[in-house]
Amino acid sequence: MVRVSTIFIAICMVLIAASLGLILYAMTGLSMRESALVALAALVCLILYNAISVRIRRGTGASGQIADLSRGTADLARQVAEYGRRMALIESRLASADNVAQDRARAVMGEIGELGVMIKHLAGSVATHDELLTSATSLTAAHHPSQPQMTDAPQTQPVEPVHAAEPPVPVALQAAAEAISNLPDMLAAIKSAADANRIDLYLQPIVSLPQRKVRFYEAVSRLRDEKDHVFTAGQFIDIAEASGIIGQIDYTVLFRCVQVLRRLQVRTKDVGMFCNISGATLASPDIFGECIAFLEANRALAPSLVLEFKQSAFRSLGPVEIEHLAALKRLGFQFSIDNIADLKIDGRELADRGVRYIKVPAPLLLDQKEAAASDIHTADLTSLLTRFGIDLIAEKIEGERSVADLLDYDVRFGQGFLFSAPRPLRPEAAVPTPVAASRQSKAPLPPPAEPAAIAARAAAETRLSGTAALARRIAQS
């Protein structure tokens, strides 16, 4: 298509040639034919000049384009060379990474072999300890006979007793014998503390990482004997479960957790409470009936009250325990798992049962040998649990270095002595005892309170007690 500028130039050239012819005809006296020939010659000259100038300009533009093309080709060659250098570097790094991975795999196989040897040694040590415990039991029975031994041989005259030299007893054997001999006293002290309501509640915060803002409190129970000697949970839980007292302790702790949680929620709704429940309580229909009746009456606190169970209890659930967990889940309560011994965790199964939190010790999370032996790397554990709606809580954190390492694993919550040790609460004035627990402990039920006593206790709870002061400090912080 002819451009407008070309048409304009052609018109201008025609006008210039015609004007030249008219001027020659008017001023020089040339004839019309001669003037027309001159005008035509001028038009031809203008056309030739325009064509030559256009071609020159096109040649100059083409040379410029060729120069630009050569420069672009040179830049492209440099980029290709740079990409080639980077590809060579990547290939060398991949080769080195492959070598490092093979070295690590060989190291892991070596550690697995060493672990097998250690397990064999551990099995031998366990067998030795079993023999020591058996010997300690027989030794205790020998030192504390239940009835005097009679001999069938008749004696005609008194015989002087002969004291043979007793062989030396090993230190471990003596410690085992002392522990076995102290069991009756320990059991009596635990029963006395539970019957006298000497059950103290300690609170330890669970903070968010890395902000370290308090999000939950875990209730930890302690028992006191008549001399105010404190028994930790590790000292009395197993004995209380074996003797059937754990139901009464769990109900008392649950009652006080609800009291503390109510006072906390007066100030803030962002702080929850973890309450430990024993597997024996979960398996007992009588005690659990009392607990679930109390929880149903306080189901408004379900979003903030988390019931915590041991991993061993969750792995040995029977039909009764599964039914009880389902009843708690229908009420809206959430569950937590602690005392994690290994990282073989099925997130889907736990989420289906209502588990929303898992507490894993920080040393176990940061243990490289455990990470190599588990089904999933600890760095991917948080994302795996989050996929099923479960939050990971790192407990037993005692150093800042552990916090920095846990942040690399995207751990959102932490608990340990680094943030705060468990702090005691002032014991409440009165705590009701469940009927089933009273039957197990053989303790009489407390008499029903008078209306005036109930009103006085309600007025006393509204005052600033030790627990309320703690709640105020929590809200202010």
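This is a short tour of the model, from the whole chain down to single residues.

**The whole protein**

Start with everything shown. You are looking at a predicted model, and the protein has 477 residues, with 34% of them buried. Switch to a cartoon view and you can look for 17 helices and 10 strands. Among contacts between residues at least 6 apart in sequence, 70% join residues at least 24 apart.

**Colour by confidence**

Next, colour by pLDDT. The average over the protein is 78, and 77% of the residues reach at least 70. Now select residues 143-169, where pLDDT stays under 50 and the model has 2 contacts beyond four places in sequence. Then select residues 429-477: pLDDT stays under 50 here too, but this stretch has 57 contacts beyond four places in sequence.

**The largest pocket**

Which residues lie nearest the centre of the largest pocket? Select Glu 218, Ala 233, Asn 276, Asp 338 and Asn 339 to find them. The lining as a whole counts 36 residues. Several elements give two or more residues to that lining: strand E2 (214-224), helix H4 (233-243), helix H5 (246-267), strand E5 (305-310) and helix H8 (311-315). Colour the lining by class and you will have 14 nonpolar, 11 polar and 11 charged residues. The space inside comes to about 910 Å³.

**Asp 200 in strand E1**

Now select strand E1, which covers residues 199-208, and pick out Asp 200 within it. Is Asp 200 buried or exposed? Its relative accessible area is 7%; because that is under the 20% cut-off, Asp 200 is buried.

**Ser 420 in a loop**

For the last stop, go to the loop between strand E9 (413-414) and strand E10 (423-424), where Ser 420 is found. Ser 420 has 12% relative accessibility, so this loop residue also counts as buried. What does Ser 420 touch, leaving aside residues up to four places away in sequence? Show Gln 204 and Pro 205, and you have its partners. Both of these numbers fall within the range of strand E1, residues 199-208. Finally, display Arg 423, whose side chain is joined to that of Ser 420 by a polar contact of 3.4 Å.

Terms used: Residues are numbered from 1 along each chain as its sequence is written. This is a predicted model: local features need pLDDT of at least 70, side-chain atom pairs count only at pLDDT 80 or more; totals for chains, interfaces and linings use all residues. Side-chain values use heavy atoms; hydrogens and water are left out. Helices (H or I, at least four residues) and strands (E, at least two) are DSSP runs, numbered from the N terminus. Buried means under 20% relative accessible area, exposed over 50%, partly exposed in between (1.4 Å probe, protein chains only). pLDDT is the predictor's confidence in each residue, from 0 to 100. Contact means heavy atoms within 4.5 Å. On a 1 Å grid over the protein atoms alone, a cavity is a set of points where a 1.4 Å probe fits but cannot get out, and a pocket is an open set with protein on both sides within 12 Å along at least five of seven lines; lining residues have an atom within 4 Å of a point. Grid points are joined across faces, edges and corners, and a volume is the space filled by probe spheres set on the points. Ala, Val, Leu, Ile, Met, Phe, Trp, Tyr, Cys and Pro count as nonpolar, Asp, Glu, Lys and Arg as charged, and the others, Gly among them, as polar. A polar contact is a pair of N or O atoms within 3.5 Å; within protein, one must be able to donate a hydrogen and the other to accept it, and residues adjacent in sequence count only if both atoms are side-chain atoms.
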